[in-house]
Amino acid sequence: MKILCVNVRKGMGDQIIFLPYIHAICKKFKKPVSLLAKENSRAKELFIEDNCIDEIITLENDMDGIKGIIKLSKELKKRSFDKIFIFNSSLRYRLVAHLANIKLIHQYPLFLKKDNIVHSAKIFTESIIGEVINTEPKLKIKKENINLDKETKHVCLGISASGPTKRWDIENYIKLAEQVNDKIRCKFYLAGGENDVELINKFKRSPVGKNSFSFEDLSIKKTLKYISNCDLYIGNDTGWAHISVGLNVKALTIFCDSPVAAYGSYSSKMITIEPEGIAKGETTHDTLGKDKISFKKVYQKSIEMLS
């Protein structure tokens, strides 16, 4: 039996959050699965060591949208899939599955809107496989000993974000790193890419910059060995936070303007900070709370989690 799972959400975090359901399907049917994913989700780098996933099919730009239906269906038909799990409610993917001659089609209810991505995926998968699924993701990598200083705490600092409203200001991270380092000796791993060079350089030029190492020139795959050896993640709600959780690293995650009920509640390893004046668990899109995050709370929780 050949099985295809479809998760075409664009973020790294989305791929990590859905990983327990991919693993549950693999376990249930005792077969590795194929995964259809977008290139910018970095699924190929994240799951390269995962023996539950035997192939990652990239959803190319010309396979997306209405015009891409025929091309995508032809690509899938070549592989002769028997069963498909579609983790969305799009009619387009149901049509693609039919055109690809896939006989057993499992999909969310069509035209589902404003769902909690964790709840929807859990209910959907459990209803099919008949088992309760633990929502804790486990990102599988080859553990490497990179000889980090054992007298130092190693902190992945998630200064990046998918948009400016989700990003706590870099000056706050510099101040936080300086004050935490005054209390506990730390090395900070700056989780960001080529689009974050300005933020990274600001940190590097600060007094605590000498205690930092940047991911800007590394592939996602190469960052995993550093993150997996960290003691803590501190940073924005971004893919790096979810990768940290997937690698069994506790994550102190700052939610400024994204739905904490979905992205911050699926793992016991994720501790969340929300804007002042917002009821716990109520931060969502358009909260616009980046200037209402309590520095004191972030600092105190950082010290507590590193001690």
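**View A. The second largest pocket of this predicted model has a volume of about 300 Å³.** A pocket here is an open set of points on a 1 Å grid over the protein atoms alone, where a 1.4 Å probe fits, with protein on both sides within 12 Å along at least five of seven lines. Volume is the space filled by probe spheres set on the points, joined across faces, edges and corners. Lining residues, which have an atom within 4 Å of a point, include P20, H23, A24 and K27. Helix α1 gives the largest share, four residues; helices (H or I, at least four residues) and strands (E, at least two) are DSSP runs, numbered from the N terminus.

**View B. The largest pocket has a volume of about 1,200 Å³.** Of its 45 lining residues, G11, M12, S162, T238 and G239 are the closest to the centre. Helix α10 gives the most to this lining, with four residues.

**View C. Six strands form an open, parallel sheet in the order β8-β7-β6-β9-β10-β11.** Strands pair if DSSP finds at least two bridges between them. β8 (212-214) and β11 (270-273) each have a single partner strand, so one side of each is left without a neighbour in the sheet.

**View D. Strand β10 (residues 251-254) runs parallel to β11, joined by four bridges.** Look for I254, whose bridge partner in β11 is I273.

**Notes.** Residues are numbered from 1 along each chain as its sequence is written. In this predicted model, local features need pLDDT of at least 70, side-chain atom pairs count only at pLDDT 80 or more, totals for chains, interfaces and linings use all residues, and side-chain values use heavy atoms, leaving out hydrogens and water.
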